[in-house]
Amino acid sequence: MEIRLNGESRFIDQVTKMSVAGLLEMEQVASPEMVAVQLNGEIVDRGTYHNTMIVDRNEVDFLYFMAGG
Amino acid sequence: MVQMVQLTDKQQERYSRHILLQEVGAEGQEKLLNAKVLVVGTGGLGSPNSLYLTAAGVGTVGIVDADVVDVSNLQRQIAHSTNDLDRAKVESAAEKMRALNPDVEVRPYRLYLDASNIDEIIREYDFVIDGSDNFATKFLVNDACVLAGIPFSHGGILRFNGQTMTVLPGQTACYRCSFREPPPNPVGCSRAGILGAVAGMLGTIQAAEALKFITGAGTLLTDALLTFDAATMNFRRVPLKRRSDCPVCGENPTISSLEEHHG
């Protein structure tokens, strides 16, 4: 399947769907608690990462928490 | 036509580059001189914000910070100099601001914002800029501004990255619509590091938003998160939506009192 991840095209081989948790792991996001995930413009509730599926042509954005000032 | 603009000759000269802008003009400059902006934090983001707002002739600029100037601040916090070490940050910054532009009333607040004092302070201002360095304050500023209906700019920086969004409470997505709750065990600049100039890049974007809000020039950075990575110089604007189930600006908010949620 092909998705848009953070505005860029990303081809993921041999699968037709993947959970949000799976994508975070595949992308090696070291601290998922420091990321808010947006799927097709909607924020995904943190408790549903394993059940929420990303499919072909979906748009995913990782919004990072930034505390610094 | 009503003539509301009464700039002095000196002000015509000082602000001539603003007045030249069709979107600002003498009327926009008059609005700036009558406006009040509060800058939360007098560090990496607060420094460029307070200096640019002062230079622009924003009539009243409040600055809030409880800290003193530390030598490790000077790599990026450009309102402070080497001879300001151990001085209160708000006093150090206020001195630079007053020297820069005597038109501006600078109001220093040497304190930590909390649920008991923030509402009274922000209600004095037309626009608030968050340049704080921790999530507790960022969420407090969001909630207090949403509850009081005061527009503000969120800003955050880390390493080579920056993010900012402008919030018009009740109209556009707030910080909590996307970020919900402060993360556990957050990493800040004191542990992760920050490229000094990144603070200037992000802080000046926030200052530009405040000037746009006051003058009505352009379109604001609302319902979007602007993020950039200075390592690659990629900038991106991620569209955001207001959430009907947002705990503070949604249809059935669970946060209705700062004392309860931030006490």
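The following paragraphs describe chain B of a predicted model and the side of chain B that touches chain A. Residues are numbered from 1 along each chain as its sequence is written, and chains are lettered from A in the order in which they are written. Because the model is predicted, local features need pLDDT of at least 70 and side-chain atom pairs count only at pLDDT 80 or more, while totals for chains, interfaces and linings use all residues.

Chain B contains 11 helices and eight strands (DSSP runs, H or I of at least four residues for helices and E of at least two for strands, numbered from the N terminus). The radius of gyration of chain B, taken over C-alpha atoms, is 18 Å, close to the 18 Å from the globule rule (2.2 Å times the number of residues to the power 0.38) for 263 residues, so chain B is as compact as a globular protein of that length. Along its principal axes, the C-alpha trace of chain B spans about 55 × 50 × 40 Å. Of the 263 residues, 46% count as buried, that is, with 20 or more other C-beta atoms, placed from the backbone, within 10 Å of their own.

Turning to the partner chain, 29 residues of chain B are in contact with 15 residues of chain A, where contact requires C-beta atoms, placed from the backbone, within 7 Å. On this side of chain B, β5 (152-158), β6 (161-167), α8 (175-179) and β8 (234-239) each supply at least two residues. The largest share, four residues, comes from β5(B).

Notes. Contact = placed C-beta atoms within 7 Å. Buried ≥ 20, exposed ≤ 12 C-beta atoms within 10 Å, placed from the backbone.
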